[in-house]
Amino acid sequence: MKIKINGRETTTETIVFADFISEINTTGEKFLAASLNSKILPRDEWPETRLNEGDSIEVFSIVGGG
Amino acid sequence: MGIFDRNVKGTTEILAGKTIGIAGCGGLGSNAAVSLVRAGIGSLIIADFDSVEESNLNRQHFFQSDIGKPKAEALAAYLKAINPDLNLTVHNIRLDPGNIPAVFKGADLLIEAFDKAEAKVFLIESWCAAYPDKPIVCASGLAGIGHLRSLKVRCTGNIYIVGDGTSDMTIGLNSARVAIAANMEASVAIELLLGKEVETELFRSEFSRRS
């Protein structure tokens, strides 16, 4: 299916949101936050959330410092 | 002459009617709060559980005489010293996912000003679950020195994230760079409350590549 990740179109056969995040986290970032169709998707909902055609996902790394 | 006579025309009156929550009163929170008060924000809700330590003075808006004092209280005194009419709510508490919605109830917008990454994440999740229509402005990646062109504003829905997205606090924190990130947060908050469109950039492209 076609989806958008960080504003760029891609295709995936992965169904589960958590699996998709693991696949794209090639740099092994420790703390990621993600939104699905512009709404934040809490991490504990990632394993039970399914991807659908046309979904727009934004993933970003949260690093410490303040 | 009034405090706000040199502010951008038409902004102070709007900001005077707004409330901003600031979660954390360290390098991000203390510097952002000072700028927001100078910009004319009417009400602030500030929260931090921590006390001022000497090692905070390299980047946080505190002084030698504050060491040992609760950060939220020490900051409150400086904010009031700038604008005595500021409507200020001070919480000396440790924020957790359970108390965040109540502590910042009534805020039009929240500024994330924590230091630990895991706390930043739970703050975003807790705020967005409680107040999905209200913006949150966060910081991720403000450590090290320079590389100013890497500091961006990015956005998804009502979540705005400033910083470079990669530099971790383990490499050390520099006064100027932290204050820039804090003031990027303050600026985005001001722009949002004035109803302006915030200029943003796409999130990092490495997450768009498939392994």
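1. Basis. The model is predicted, so local features need pLDDT of at least 70 and side-chain atom pairs count only at pLDDT 80 or more, while totals for chains, interfaces and linings use all residues. Residues are numbered from 1 along each chain as its sequence is written, chains are lettered from A and ligands numbered from 1 in the order in which they are written, and side-chain values use heavy atoms, with hydrogens and water left out.

2. Extent of the interface. On chain B, 37 residues are in contact with 32 residues of chain A (contact: heavy atoms within 4.5 Å). The area buried between the two chains is about 2900 Å² (the accessible area, with a 1.4 Å probe, that two parts lose on being put together, summed over both). Carbon and sulfur atoms give 61% of this area.

3. Polar contacts. Ten residue pairs are in polar contact between chain B and chain A, both residues being at pLDDT 80 or more. A polar contact is a pair of N or O atoms within 3.5 Å; within protein, one must be able to donate a hydrogen and the other to accept it, and residues adjacent in sequence count only if both atoms are side-chain atoms.

4. The chain B side. H5(B) gives the most, with eight residues.

5. Salt bridges. Six are found over all chains (a side-chain nitrogen of Lys or Arg within 4 Å of a carboxyl oxygen of Asp or Glu). One lies across the interface of chain B and chain A: A:Arg43 with B:Glu125, the closest N and O atoms being 3.1 Å apart. B:Glu125 is in helix H5 of chain B and A:Arg43 in the loop between strand E4 (39–40) and E5 of chain A, so the pair joins two chains.

6. Largest cavity. There is one cavity of 30 Å³ or more, and the largest cavity holds about 90 Å³ of space. On a 1 Å grid over the protein atoms alone, a cavity is a set of points where a 1.4 Å probe fits but cannot get out, and lining residues have an atom within 4 Å of a point. Grid points are joined across faces, edges and corners, and a volume is the space filled by probe spheres set on the points. Of its 13 lining residues, A:Phe60, A:Ser61, B:Arg154, B:Gly165 and B:Phe203 lie nearest the centre.

7. Largest pocket. About 490 Å³ of space lies here (a pocket is an open set with protein on both sides within 12 Å along at least five of seven lines). Among the 25 lining residues, B:Asp48, B:Phe49, B:Asp50, B:Asp115 and B:Lys116 lie nearest its centre.

Notes
Helices (H or I, at least four residues) and strands (E, at least two) are DSSP runs, numbered from the N terminus.
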